[in-house]
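Dear colleague, here are my notes on the model you asked me to look at.

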Amino acid sequence: MSVAKKSWLCACGDEWDEGMVIQAPTRGAAKARYVDEGGSDEFTAVRTRRLKWMDGFDPDSYDAQMAAMRHGWTGYTVRRDPATGVIDEREWYPDEMSEADFREFAELTGAEYPDRYMPEETRKQLEAGKETK
């Protein structure tokens, strides 16, 4: 029997931005895994927040990152040029991004575009063949 995995944000105290997305069937299982992975020494110190919108994604995928950016989280891309070995790191700030920036992120990473969290108005414009900004 397959156990459905739900997505949880686990953190200690109010430090949500330093938390970790954990997939587990229950809140308790998510807290236990967070402790196992070194997020905290104490099970009772771990706080959780349910992330229904992250369900169905591999938390380490660029599709998950695209969904997170649509929900206001900062995204990151890291690419290494095989010829020179130079690493190109870039932070993506959703509150400063236009739809063209989301499209560029998808093109750079292979994330699905249009993604399921694209605003409905933008989706209608794309379907009508209109360019979005």
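Which element gives the largest share of the lining of the largest pocket? Point 2 has the reply, after a word on the model.

1. This is a predicted model, so please read it with its limits: local features need pLDDT of at least 70, side-chain atom pairs count only at pLDDT 80 or more, and totals for chains, interfaces and linings use all residues. Residues are numbered from 1 along each chain as its sequence is written, and side-chain values use heavy atoms, with hydrogens and water left out.

2. Strand 2 provides the largest share of the lining of the largest pocket, with 4 residues. Strands and helices here are DSSP runs numbered from the N terminus (helices are H or I, at least four residues; strands are E, at least two). A pocket is found on a 1 Å grid over the protein atoms alone, as an open set of points where a 1.4 Å probe fits, with protein on both sides within 12 Å along at least five of seven lines; lining residues have an atom within 4 Å of a point.

3. The volume of the largest pocket is about 560 Å³, taken as the space filled by probe spheres set on the grid points, which are joined across faces, edges and corners. Its lining counts 22 residues, and G19, V21, M54, A68 and W73 lie nearest the centre. Strand 2, helix 2 and strand 4 (75-80) are the elements that give two or more residues to this lining. By type, the lining residues are 11 nonpolar, 6 polar and 5 charged; Ala, Val, Leu, Ile, Met, Phe, Trp, Tyr, Cys and Pro count as nonpolar, Asp, Glu, Lys and Arg as charged, and the others, Gly among them, as polar.

4. Do look at strand 1 (residues 6-12), where 5 of 7 residues are buried (buried is under 20% relative accessible area, exposed over 50%, partly exposed in between, with a 1.4 Å probe and protein chains only). Strand 1 runs antiparallel to strand 2 (residues 20-24), with 5 bridges, and L9 stands opposite V21 there. Strand 1 also pairs with strand 3 (residues 46-50) in the antiparallel sense, again over 5 bridges, and W8 faces R50 in that pairing. Two strands pair if DSSP finds at least two bridges between them.

5. How many salt bridges does a search of the whole structure find? There are 5, each a side-chain nitrogen of Lys or Arg within 4 Å of a carboxyl oxygen of Asp or Glu. One of them joins E37 and R33 at 2.8 Å, N to O; E37 is partly exposed at 42% relative accessible area, and R33 is partly exposed at 36%.

6. R70 and D115 form a salt bridge with their closest N and O atoms 3.0 Å apart. R70 sits in helix 2 (residues 62-70) and D115 in the loop between helix 3 (99-109) and helix 4 (120-127), so this pair ties together parts 45 residues apart in sequence. R70 and D115 are both buried.

7. E104 and R90 meet in a salt bridge at 2.9 Å, N to O. E104 lies in helix 3 and R90 in strand 5 (residues 87-92), so the pair ties together parts 14 residues apart in sequence. Salt bridges that share partners also join R70, E99 and D115 into one network.

8. Finally, please check the peptide bond from Y113 to P114, which is cis, with omega near 0 degrees. Most peptide bonds are trans. P114 belongs to the loop between helix 3 and helix 4.
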